[in-house]
Amino acid sequence: MSPSAKNRLLRAALPALSALALTFALPAAPVHADDLGAQTLAGATAVGLHNTYDDKAQYTYLANALDSGASLIELDAWANVFTHKWNVSHSNPLGSNNNCVQAAGPADLYTGNRNQNLDSCLDDIRIWMRAHPTHGPIMVKLEMKNGFNSSIGLDATELDGYVKAHLGDLVYTPADLLTKPDGSRYPDLDTAARANNWATRSALAGKVIVEAIPGTVEQAVSPASGWTDAVEAAHLQSLAADGNIADAQIFPSVLNAQGGDPRSRYADASLRPWFVVFDGDAGTWVGDGNTEWYNANHYLTVVTDAYDVAPALSSTAPSLADAQARIALLAADGASFVSTDWSTSPADAVLGEVLERG
């Protein structure tokens with residue numbers, strides 16, 4: 001073999017040799033979605049990205065963030081009083097600032113004008129998911145920054161319509177959780193979750209589940225009874241009572257999850273059984289010491305700011321070993337989805353991790 005041929009062979013082998021070296025240098029590889037296919041959605045821990053739409057420096061397009069392997073994508077939505085549409089931005093209530101484009105097919109996901117409205121962001125997710133049908137289920141987290149505005153038609157019914165129109169049959173809905181194998185239904189989401197009636201991860205390949213949390217602005221200016229979580233729960237309750245629960249697309253989430261049952265904060269006790277998704281800060285989550293309740297009842301938990309557990313890690317660029325250890329800790333503590341800002345190498349490697357929960 002000539003020297004040039006040997007060099008070409010060596011260069012071709014380097015990626016495999018590097019991967020082999022990492023196998024021995026790093027902790028054991030995580031269990032990935034295919035290996036946890038028999039687990040229900042509530043039986044695994046997956047990893048995602050905080051404010052995914054906003055990190056244009058790292059993810060030029062939303063599809064780039066999906067390419068990372070992330071299992072949670074966050075969008076911040078503003079009800080625009082002038083356009084009667086939902087903008088997606090971090091702090092601009094009157095315009096969109098994000099990495100979403102107006103894609104019509106997979107080839108459009110990585111080109112074109114960004115800064116689109118919520119409908120386009122959801123379209124991008126749908127198109128990407130249809131092109132990756134074996135990808136594990138993705139949580140789409142909506143922070144409704146200024147809540148709903150029923151006076152301009154941007155209410156819970158309209159949001160269901162948005163999701164249905166732009167994500168279509170990819171959505172795992174509240175009705176799906178309620179429906180038993182024999183076609184009958186549990187009376188409420190709490191009863192269904194405690195029975196672990198969630199679909200398996202293999203059945204949810206290529207699917208999304210949508211949660212909505214109260215936004216920072218509505219929390220500052222509106223009474224709690226009018227926040228997104230309470231409005232969405234009442235919406236589900238009403239749909240179920242009218243026999244229209246199949247119209248629901250979104251799971252309301254209890255913000256600031258902690259020990260005990262945080263649903264006790266809702267003065268209207270009839271709303272409490274419609275909450276089975278909880279959202280809370282990692283530092284509080286681990287420090288509280290009573291998170292097994294969520295796991296034992298098969299509730300979904302979204303744990304944010306993964307770095308924020310003593311000893312605190314870098315919020316953006318911890319070592320891979322530290323990032324992996326933190327995800328393992330939160331998985332052992334009962335998190336379902338871990339939200340991070342670890343979009344840069346080497347810590348971004350954890351975005352594809354799926355671990356046993358608990």
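## Close-up views of a predicted model

**View 1. The largest pocket.** The volume of the largest pocket is about 310 Å³. The model is predicted. In this view, 20 residues line the largest pocket. Nearest its centre lie K141, E143, I213, T216 and L255. Strand 7 supplies the largest share, with 3 residues. Sorted by class, the lining has 9 polar, 8 charged and 3 nonpolar residues.

**View 2. The salt bridge between D279 and K141.** The structure holds 8 salt bridges. One of them pairs D279 with K141. Their closest N and O atoms are 3.0 Å apart. Side chains of opposite charge can pair when their charged atoms come close. D279 belongs to strand 7 and K141 to strand 4, so this pair ties together parts that are 138 residues apart in sequence.

**View 3. Helix 4 against helix 8.** Helix 4 covers residues 156–167, and helix 8 covers residues 228–241. Their axes come within 10 Å. How do the two helices cross, at what angle? The crossing angle is roughly 80 degrees. Angles of 65 to 115 degrees count as roughly perpendicular, and helix 4 and helix 8 are therefore roughly perpendicular to each other. Helix 4 makes the contact through A156, T157, L159 and D160. Helix 8 answers with V231, E232, H235 and L239. By class, this contact has 4 nonpolar, 2 polar and 2 charged residues.

**View 4. Cis peptide bond at P311.** A310 and P311 are joined by a cis peptide bond. Its omega is about -5 degrees. P311 sits in the loop between strand 8 (300–304) and helix 11 (320–332).

**View 5. Cis peptide bond at P346.** The bond from S345 to P346 is also cis. Here omega is near 5 degrees. The loop holding P346 runs between strand 9 (337–340) and strand 10 (354–356).

**View 6. Positive phi at H84.** H84 is a residue other than glycine with a positive phi. The value is near 60 degrees. H84 lies in the loop between strand 2 and strand 3 (86–88).

Definitions and conventions
Residues are numbered from 1 along each chain as its sequence is written. This is a predicted model: local features need pLDDT of at least 70, side-chain atom pairs count only at pLDDT 80 or more; totals for chains, interfaces and linings use all residues. Side-chain values use heavy atoms; hydrogens and water are left out. Axes are lines fitted to C-alpha atoms, for helices over the stretch in contact, and angles run from 0 to 180 degrees between N-to-C directions. Helices (H or I, at least four residues) and strands (E, at least two) are DSSP runs, numbered from the N terminus. Angles under 35 degrees count as roughly parallel, over 145 as roughly antiparallel, 65 to 115 as roughly perpendicular and the rest as oblique. Contact means heavy atoms within 4.5 Å. Ala, Val, Leu, Ile, Met, Phe, Trp, Tyr, Cys and Pro count as nonpolar, Asp, Glu, Lys and Arg as charged, and the others, Gly among them, as polar. On a 1 Å grid over the protein atoms alone, a cavity is a set of points where a 1.4 Å probe fits but cannot get out, and a pocket is an open set with protein on both sides within 12 Å along at least five of seven lines; lining residues have an atom within 4 Å of a point. Grid points are joined across faces, edges and corners, and a volume is the space filled by probe spheres set on the points. A salt bridge is a side-chain nitrogen of Lys or Arg within 4 Å of a carboxyl oxygen of Asp or Glu.
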